[in-house]
Amino acid sequence: MHTIKVKKKLEEFFLEDLGEIDISSQTIFGKESKGEAIIIAKEDGLFAGADIIGMGYSLFQTDLQVNVKKQDGEKVKKGDIIAEIRGPVSVILSGERVILNILQRMSGIATLTNTAVQKLNSNHTRICDTRKTSPGFRMFEKYAVRCGGGFNHRFGLYDGVMIKDNHIAFAGSISNAVKKVRKQTGHMVKIEVEIETEEQLHEAIDTRADVIMFDNLSPEEVARFVEITPKSIITEASGGIGFHNLADYRNTNVDYISLGMLTHSYQSLDISLNVK
């Protein structure tokens, strides 16, 4: 994650929570009150967000010390110490909730992604995310997917062309949509086409699409479509795929499986800050 972007986001999050003052902490504890706290895992999972702790507390510009003991992508067990914090009590408590919110969500995504990777158990097919992310939190969520062993799809509408069913419907055909894109984009921009039928697959192949997504197709259909698709074209499967049938796609030879659930249906990992 880009340090400047992360700090800017953290500033926004702290402003939302703190406003002008943390009434509770700053009225109970003066600047001279020092203390120690630990951030601990309260359940097993995969940790993500190591830099968030030190970077977040650094925005308060104090002599607070942070010792992070776990790295991104590292397994944690219930009771494991993730970080030790020493410094002004009011600062430790003022930054607690925002930092924990981020760590819990990122670690939940990393844990879920790693579970998906393990369930697929493929040496070829990669698990990737989608744009189904929380508004304002995409950078953190997509980084967490990588921590869990997954890969990133587009970061936004700006870094790749993806021609979906509604684009095709409005344009009249896959060919029309691709032709219009090619006229206005440079050679560095990849074009992905979403298809649902074999007829659409052949049309997408004829347009020389860079990536073809098989949408809402069974493992058998995906495997057959992969065989039809030239090796020069990247293949992707999406839609209707979850833990209940993920392993069924293991031997389809599709290059990627994109899962929206990684960033919209995860459960936050239980992480807490305790006074030492």
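**Cysteines and overall build**

Me: How many disulfides does a search of the whole structure find?
Reply: The search finds 0 disulfides, a disulfide being a pair of cysteine sulfur atoms within 2.5 Å. This is a predicted model, where local features need pLDDT of at least 70, side-chain atom pairs count only at pLDDT 80 or more, and totals for chains, interfaces and linings use all residues. Residues are numbered from 1 along each chain as its sequence is written, and side-chain values use heavy atoms, with hydrogens and water left out.

Me: Is C128 buried or exposed?
Reply: C128 is buried, at 2% relative accessible area. Buried means under 20%, exposed over 50%, partly exposed in between (1.4 Å probe, protein chains only).

Me: And C147, buried or exposed?
Reply: C147 counts as buried at 13% relative accessibility.

Me: Switching topic, how many helices and strands?
Reply: The protein chain has 10 helices and 12 strands. These are DSSP runs: H or I of at least four residues for helices, E of at least two for strands.

Me: What does the C-alpha trace span?
Reply: About 70 × 40 × 25 Å along its principal axes.

Me: What about contacts between residues 24 or more positions apart?
Reply: Such pairs make up 70% of the contacts with a separation of 6 or more; contact means heavy atoms within 4.5 Å.
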